[in-house]
Amino acid sequence: MKRLLSIALLAASLSACTSLGFPAPKTPAQAVYAAKGTFLATVLVANQYKALPPCGGTDVLCSSPAVVTKLQLAANAGKATLDSAEATVTDPAFKGSTTDAAVVAAENAVQAFSTIANDLKVQ
């Protein structure tokens, strides 16, 4: 029961983070770092879910191996995209539409990962 509550609280905190009204990032680098913060919060939720025993046994709380695989794939893609975006926005050789595209890619990858984590259902 404590695990369910913990997962529910972490998922709720992910949703709450987007509505706190923090000021919008002023630079591409700030936007990427904000996305990275959301990514790390989502990793916490995903790890809590993954720590549950696999479904199919007698456990009331369990995790679906298929969902764990989806989470892992989305996390890997999100991390790679964030790392690439961070390298792009901190390199003075890149400006304008290149850095803007890197920010959009990073935000989209994190959003995809967060969507999977926010929709977790403990079976």
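What pLDDT does the protein chain average, and what share of the residues score at least 70?

**Figure 1. The whole chain, a predicted model, by confidence.** The protein chain averages a pLDDT (the predictor's confidence in each residue, from 0 to 100) of 83, and 80% of the residues score at least 70. The chain holds four helices and zero strands, as DSSP runs numbered from the N terminus (H or I, at least four residues, for helices; E, at least two, for strands). Of the 123 residues, 29% are buried, meaning under 20% relative accessible area with a 1.4 Å probe, protein chains only. Since this is a predicted model, local features need pLDDT of at least 70 and side-chain atom pairs count only at pLDDT 80 or more, while totals for chains, interfaces and linings use all residues. Residues are numbered from 1 along each chain as its sequence is written, and side-chain values use heavy atoms, with hydrogens and water left out.

**Figure 2. Helix α2, end to end.** Here are 23 residues reaching 32 Å from first C-alpha to last, close to the 33 Å expected (1.5 Å times one less than the number of residues). Its buried residues include Ala35, Phe39, Thr42, Ala46 and Tyr49.

Figure 3. A search of the whole structure turns up one aromatic pair, where ring centres of Phe, Tyr or Trp (its six-membered ring) lie within 6.5 Å.

Figure 4. A pocket is an open set of points on a 1 Å grid over the protein atoms alone, where a 1.4 Å probe fits, with protein on both sides within 12 Å along at least five of seven lines; lining residues have an atom within 4 Å of a point. Phe39 and Phe113 turn up again in the lining, along with others including Val43, Leu71 and Lys79. α2 (28–50) and α3 (65–89) each give two or more residues, and α3 gives the most, with six. The lining divides into seven nonpolar, three polar and two charged residues.

Note on methods:
Nonpolar A, V, L, I, M, F, W, Y, C, P; charged D, E, K, R; others polar. Phe/Tyr/Trp six-rings, centres within 6.5 Å; stacked < 30°, edge-to-face > 60°. Buried < 20%, exposed > 50% of the residue type's maximum accessible area, 1.4 Å probe, protein only.
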